[in-house]
Amino acid sequence: MLKSALKNSQNQRLNVNMVPNGGNVIRVARKNRKYTQRELAEQYGVAKNTLCNWERGLSEPPFRVVFEMLEMMNYSIEEIYEYANGRR
């Protein structure tokens, strides 16, 4: 039973590191702030192709990246929470 509880807590911890559709969250937020992919990628310090892959769902950005990008675009903590929970 303890092994099962530990395994479940580990899985929950891993899931917290990724935002489902995190690339879509970034895309919507980016378009709302009228950034191009190139501008946001350069400002954050990632390749434009990386950002494009996140937005197209070919790979998922870590939660930290989603949070930092939204914060960089001057979204409030409340707005970031809403995006992370699919309320925007």
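Here is a walk through the structure, from the whole chain down to single residues. Keep in mind that this is a predicted model.

Let's start with the big picture. The protein chain contains six helices and zero strands, so if you read along the sequence you get the pattern α-α-α-α-α-α. The chain has 88 residues, and 27% of them count as buried. How does the chain fold back on itself? Take the contacts between residues at least 6 apart in sequence: 61% of them join residues at least 24 apart.

Now let's zoom in on one pair of helices. Two packed helices are described by the angle between their axes and by the distance between those axes. Here the pair is helix 2, residues 22–32, and helix 4, residues 48–56: their axes come within 6 Å and cross at roughly 105°. That makes helix 2 roughly perpendicular to helix 4, because angles from 65 to 115 degrees count that way. Which residues meet at this crossing? From helix 2 come Gly23, Asn24, Ile26, Arg27 and Arg30, while helix 4 brings Leu51, Trp54 and Glu55. Sorted by type, the residues of this contact are three nonpolar, two polar and three charged.

Stay with helix 4 for a moment. Its residues Leu51, Cys52, Trp54 and Glu55 are buried. If you look down the axis of helix 4, these buried residues fall within an arc of 160°, so they line one face of the helix. What do they pack against? The buried residues of helix 4 pack against helix 2, helix 3 and helix 5. On the other side of helix 4, Asn49 and Arg56 are exposed. Just after the helix comes Gly57, with a positive phi of about 80°.

Lys34 has a positive phi of about 60°, although it is not a glycine. You'll find Lys34 in the loop between helix 2 and helix 3, which covers 37–44. Is Lys34 buried or exposed? Its relative accessibility is 71%, so Lys34 counts as exposed; the cut-off for that is over 50%.

Further along sits Asn74, in the loop between helix 5 (63–72) and helix 6 (77–84). Asn74 isn't a glycine either, yet it has a positive phi of about 65°. With a relative accessible area of 64%, Asn74 is exposed too.

Key: Residues numbered from 1 in each chain as written. Predicted model: local features only at pLDDT ≥ 70, side-chain atom pairs only at ≥ 80, totals over all residues. Heavy atoms only, no water. Axes fitted to C-alpha atoms, helices over the stretch in contact; angles between N-to-C directions. Helix = DSSP H or I, 4+ residues; strand = E, 2+ residues; numbered from the N terminus. Parallel < 35°, antiparallel > 145°, perpendicular 65-115°, else oblique. Contact = heavy atoms within 4.5 Å. Nonpolar A, V, L, I, M, F, W, Y, C, P; charged D, E, K, R; others polar. Buried < 20%, exposed > 50% of the residue type's maximum accessible area, 1.4 Å probe, protein only. Arc of directions from axis to C-beta.
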